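Thanks for coming. I will go through one structure today, starting with the whole and ending with a single residue. Please have a look at it first.

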Amino acid sequence: MRITQGAFSFLPDLDDTQIRAQIDYCLRNGWAVSLEYTDDIHPRNVYWQMYGQPMFDLADAGGAMLELQACRETFPDHYIRVNGFDSTRGWETVRLSFLVNRPAHEPGLRLRRTEASGRLQRYALDGYAAQREPGRRYGARC
């Protein structure tokens, strides 16, 4: 099962040239670029780990690509995403976010249904990877 989160998630994975073009787009708009990684891709997991510092003063996408390469080498079996953060007063939010790395095997999510009072049904998503301890969910070494 292919996990779909962020911009471009229904497209084939972006190659480095396409990733660099998106980072250039962020920089042209004055957005800070940052990298985050996780081994728990659950849709409600908003606590990704930041790799390095946000690159507020970055002038060239090459710097971000070097950081991305280092992050991929450190966490090859994790999800990694690039964020474009707009620090303009009044916006101050992530304007673009997309995945740039995935584990070789994505176990996906399981839909769990529970009965409630009357005819009410409740649904929840459980990540198959979350059944293992953090850092070892995809066979990664942390």
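Accessible areas here come from the Shrake-Rupley method with a 1.4 Å probe. On that basis, the protein exposes about 8,900 Å², and carbon and sulfur atoms supply 49% of that area. Keep in mind that this is a predicted model.

Now the overall layout. The protein has 142 residues, and buried ones make up 40% of them. It contains two helices and six strands. Read from the N terminus, the order of elements is α-β-β-α-β-β-β-β. As for contacts between residues at least 6 apart in sequence, 54% of them join residues at least 24 apart.

Next, the helices. How do α1 and α2 cross? Helix α1 covers residues 16-28 and helix α2 covers residues 61-74; their axes come within 9 Å and cross at roughly 130 degrees. Because of that angle, α1 counts as oblique to α2. The crossing of α1 past α2 is right-handed. On the α1 side, the contact is made by Asp16, Ile19, Arg20, Ile23, Asp24 and Leu27. On the α2 side, Ala61, Gly62, Ala64, Met65, Leu68 and Arg72 take part.

Thr38 belongs to strand β1, residues 32-38. Is Thr38 buried or exposed? Its relative accessibility is 7%, and buried means under 20%, so Thr38 counts as buried. Which residues does Thr38 touch, leaving aside neighbours within four places in sequence? Thr38 is in contact with Asn45, Trp48, His78 and Tyr79.

Key. Residues are numbered from 1 along each chain as its sequence is written. This is a predicted model: local features need pLDDT of at least 70, side-chain atom pairs count only at pLDDT 80 or more; totals for chains, interfaces and linings use all residues. Side-chain values use heavy atoms; hydrogens and water are left out. Axes are lines fitted to C-alpha atoms, for helices over the stretch in contact, and angles run from 0 to 180 degrees between N-to-C directions. Helices (H or I, at least four residues) and strands (E, at least two) are DSSP runs, numbered from the N terminus. Angles under 35 degrees count as roughly parallel, over 145 as roughly antiparallel, 65 to 115 as roughly perpendicular and the rest as oblique. A crossing is left-handed if the near helix is turned anticlockwise from the far one by less than a right angle, and right-handed if clockwise. Contact means heavy atoms within 4.5 Å. Buried means under 20% relative accessible area, exposed over 50%, partly exposed in between (1.4 Å probe, protein chains only).
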